[in-house]
Amino acid sequence: MFKFFSSSNIYFLIQKLIFFINSIFFLILIIGLTFALVLSPPDYIQGDSVRIMYVHVPAAWLGLACFSLITLLSILNFIFKIKNFYFINKSIAPIGLLFTCLAIITGSLWGQPTWGTWWAWDARLTSMVVLMLFYILYILSFKFLNKEELIIKISSIIAIIGSINLPIIKYSVEWWATLHQPASIKITGSNSVHSEMMLPLMVMLLVFLLYAALIFLMKYKTEIIRIKKKNIKRN
Amino acid sequence: MISNYILMNGHGIYVWLSFSIVFISCAAVYFRTKKTLKKYEQEFLTELQSLTLEEKNNALETSKVARQIFVANSKVN
C-alpha cells in the first residue's frame, strides 16, 4: 500500500493525469465559455454584468478551498510529520493566491456596474484581502527562510493563524451589514440561482478545478524532480 | 446584432475585462509553471550527464523517476 505512494509511482501517475487533463481541458473550456458568454440569460436586475459571476465565484471558492486544504495538511504535518504534505502545500499556495487575487479583481469589476463603486472596505471584501495577505506571507516563508524544518514550522503557523479568517469570510455577509450579497448557493438547503445560470456556473467551476489540478500537478512534479536532483549522487 | 452582443447594454467592458484578466493571468501562470518544470528537467539531465558512466547507470537503474525523465527527454531530442 505504502509502496504505491512512492515518489516514482506518484511521478508516473502525475504524468498520466497531466496528459488526461490536457486532452479534455480545452473542450470543457469552450463549453464553459459558450454557456457563460452566450447561452446563459442576463439577470433581470443586474443585466449582462451577472456573467462576471462565472469567473468570480469559482475563483473565490477555489481561493478559499486551497487555503482550507493548506491548513488541514499543515495540521496533519504537525501531528504525523509527513514531509509530502509540505511539498503539496508548497505547490497549492501559488494557485490559491492566483484565484484569491482574481476573485478580488473580478469582484471589483462586478461591483462598479452593480453597486456603483469599484471598492468598499466592507467585511467580505476586507476579509478576502486579509486572505490574500496570508497567502503572500505563506509563500514568502518558502522564499526567504533557508532551513526546511524552520520553513515547515513558520509556514504551518501562518496557515493555522490564517485559517481563523476562513469562517470570517464565509459568515461576514451574515454577521455584518455588507455591500456584498449573502450566499446564493448553499450546500445544505435551497439555493436562489436559477438552473439556467447554475449549469454554466458548475461547468466553469469544473474548468477552474481542472486548471488548478493541472498547475498543482506540474508544480508537484517540479518538486519531485528537485528532490531527486539533490539525491541523484546518493543513489 | 454583434455590436449589441459585445456591448452587452453597457456592461460589456466589465464582462470582457473580467474574462480577459482571468484568461491572461491563468495562461501566464501556466506557461511560467511549464517553463520552470522544463528548466528543472534540464538541470536534472545535466546533473545526470555529469556523472560517471557507472554512477549514471546506477542512478537510472535505481530511480524510476530518473529513468522516466531520461527516456522522455531522449524522445524529444
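**Exercise 1.** Determine which residues A:Met204 touches, not counting residues up to four places away in sequence.

*Solution.* The partners are A:Gly32, A:Ala36, A:Tyr54, A:Val55 and A:Pro58. Contact here requires C-beta atoms, placed from the backbone, within 7 Å. The model is predicted: local features need pLDDT of at least 70, side-chain atom pairs count only at pLDDT 80 or more, and totals for chains, interfaces and linings use all residues. Residues are numbered from 1 along each chain as its sequence is written, while chains are lettered from A and ligands numbered from 1 in the order in which they are written.

**Exercise 2.** Describe the largest nonpolar core and state which element gives the most to this core.

*Solution.* A nonpolar core is a set of buried Ala, Val, Leu, Ile, Met, Phe, Trp, Tyr and Cys residues joined through C-beta atoms within 7 Å; buried means that 20 or more other C-beta atoms lie within 10 Å of a residue's own. The largest such core has 53 residues, and A:Ile52, A:Ala59, A:Phe99 and A:Met204 have the most contacts inside it. H3(A) gives the most, with 13 residues; helices are DSSP runs (H or I, at least four residues), numbered from the N terminus.

**Exercise 3.** Characterise the fold and extent of chain B.

*Solution.* Chain B has four helices and zero strands, strands being E runs of at least two residues. Its C-alpha trace spans about 70 × 20 × 15 Å along the principal axes. Buried residues account for 18% of its 77 residues.

**Exercise 4.** Give the residues that each chain brings to the contact.

*Solution.* Chain B brings 34 residues and chain A 32 residues. On the side of chain B that touches chain A, H2(B) gives the most, with 21 residues.

Methods: Contact = placed C-beta atoms within 7 Å. Buried ≥ 20, exposed ≤ 12 C-beta atoms within 10 Å, placed from the backbone.
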